[in-house]
Amino acid sequence: MKSSERSFARRIDLTSLQLFVAVCELGSIGRAAEREFIAASAVSKRLSDLETAVDTALLYRHSRGVTLTPAGESLLHHARNVLFGLERMQGELSEYADGVRGHVRVHANISAIVQFLPEDLGSFAREHGQVKIDLQEHLSAAVIQAVQEGTTDLGICNLGAREPGELELQARPYRSDHLMLVVPLGHPLASRDAISFEETLEWDIVGLQSGSSISQAMRTASGQLHRPLRQRIQVTSLDAMCRMIDNGLGIGLVPDRAFALMHGVGNLRGIPLTDGWAHRELTLIARDFDTLPVTARLLVEHLCRHHTAAAAPAPASLAAAL
């Protein structure tokens, strides 16, 4: 940290930030003082000192209260992030006092969460019972952003055509899946053993939300084929998609293992796509694997070990049986 940055950090105190946020939320120094059980004059002095520290006006003061200057809007955004980070720090540290010996934050896309993570995280939790895992589901683009910004330790997502180096991230292989066309049993395509994506474009599509990797892949493929994508319905989960398809509202693309796990959702049939892009790699990403906390590195090793086991060739007797 540069000396100027250290000097700035010393000039900003957390109490002033908390009072600033309270004033912004309530639009009044007086109401903020009442909520925080402090004299209004003390709040006003804190705000003046804060404006002196940042060397710019943060609030427009008028008879009806206060409103934010452009600089004040920027500070409010950062102040909320700082205070939220402190709340999370307090929560995590209190868990150590209760016996937790580590905390790992993971953001993953829906394909990883539905298909692989329940078993993989479950076996990790049984081996490391005192490590807490904070798992959140996000679209792949949001997973990448969270890792870049440091709001999560690890991400699991589909990178698509992006290279980890372009994103200034490190990557390790996690699992792979293959997209299948899911149709009702009575659908004209249900008798097919395999199908190209182009052949599906005659039908209405039930798709995931537009930011999902599957939706992006479909839009890219239909654009390259110069064909419209008849996506009439968008849902946020794979089981909702299968229920829509089962009730005759369209057809859709679902990862193979996810379809196998949800096979009881309806009278449906999965047909493998023949397109090369239908085979997808789920990737484990981090800003720097070597600098992760010890517990996060343990989880990485565990997940990579499961990838190695999944990628290993089947024994000759089993392969023959398949």
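Which residue of β4 stands opposite Gly 102? The first legend gives the answer, and the remaining legends move through other parts of this predicted model.

**Figure 1. Strand β3 and its two neighbours.** Gly 102 stands opposite Val 131, a residue of β4. Strand β4 covers residues 131-137, and β3 pairs with this strand in the parallel sense over seven bridges. A parallel pairing also links β3 with strand β5, residues 154-157, here over three bridges.

Figure 2. Strand β3 spans residues 102-108, and because seven of its seven residues are buried, the strand is largely enclosed by the rest of the structure.

**Figure 3. Surroundings of Met 180.** Met 180 is part of strand β6. With a relative accessible area of 13%, Met 180 falls under the 20% limit and is therefore buried. Leaving aside residues up to four places away in sequence, Met 180 touches Gly 252, Leu 253, Val 254, Asp 256, Phe 259, Gly 270, Ile 271, Pro 272 and Leu 273. For Thr 274, the separation from Met 180 is 94 residues in sequence and 9.1 Å in space, taken from C-alpha to C-alpha.

**Figure 4. A salt bridge between two strands, Arg 280 with Asp 177.** The closest N and O atoms of Arg 280 and Asp 177 are 2.9 Å apart, and the two residues form a salt bridge. Arg 280 belongs to strand β11 (residues 279-286) and Asp 177 to strand β6 (residues 170-184), so the pair ties together parts that are 103 residues apart in sequence. Are these two residues buried or exposed? Both Arg 280 and Asp 177 are buried.

**Figure 5. A salt bridge between two loops, Glu 202 with Arg 227.** Glu 202 and Arg 227 form a salt bridge in which the closest N and O atoms lie 2.8 Å apart. Glu 202 sits in the loop between β6 and β7 (205-208), and Arg 227 in the loop between α9 (213-224) and β8 (231-235), so this pair ties together parts that are 25 residues apart in sequence. Arg 227 has a relative accessible area of 24% and is partly exposed.

Figure 6. Side chains of opposite charge can pair when their charged atoms come close. Glu 25 and Arg 35 meet through their side chains in a salt bridge, at 3.3 Å from N to O. Since Glu 25 lies in helix α2 and Arg 35 in helix α3 (residues 29-36), the pair ties together parts that are ten residues apart in sequence. Glu 25 is partly exposed, at 42% relative accessible area. Arg 35 is likewise partly exposed, at 39% relative accessibility.

Figure 7. Leu 14, Val 82, Leu 86 and Met 89 make a nonpolar surface patch of about 310 Å². Helix α5, residues 70-97, gives the largest share of the patch, with three residues. Leu 14 is found in helix α2, which runs over residues 14-26. The relative accessibility of Leu 14 is 42%, and this residue counts as partly exposed.

**Figure 8. The whole chain and its last residues.** The chain has 13 helices and eleven strands. Its 322 residues include 41% that count as buried. The accessible surface is about 17100 Å², and carbon and sulfur atoms account for 53% of this area. Among contacts in the chain with a separation of 6 or more, 73% are between residues 24 or more positions apart. The average pLDDT is 85, and 88% of the residues score at least 70. Over residues 312-322, pLDDT stays under 50, and the model has one contact beyond four places in sequence for this stretch. Where pLDDT is low, the predicted coordinates should not be read in detail.

Conventions
Residues numbered from 1 in each chain as written. Predicted model: local features only at pLDDT ≥ 70, side-chain atom pairs only at ≥ 80, totals over all residues. Heavy atoms only, no water. Patch = residues over 30% accessible without salt bridge, like charges linked within 9 Å, V, L, I, M, F, W, Y side chains within 5 Å. Areas by Shrake-Rupley, 256 points an atom, 1.4 Å probe, with all protein chains shown as cover. Salt bridge = Lys/Arg side-chain N within 4 Å of Asp/Glu carboxyl O. Helix = DSSP H or I, 4+ residues; strand = E, 2+ residues; numbered from the N terminus. Buried < 20%, exposed > 50% of the residue type's maximum accessible area, 1.4 Å probe, protein only. Contact = heavy atoms within 4.5 Å. Pairing = 2+ DSSP bridges. pLDDT = per-residue confidence, 0-100.
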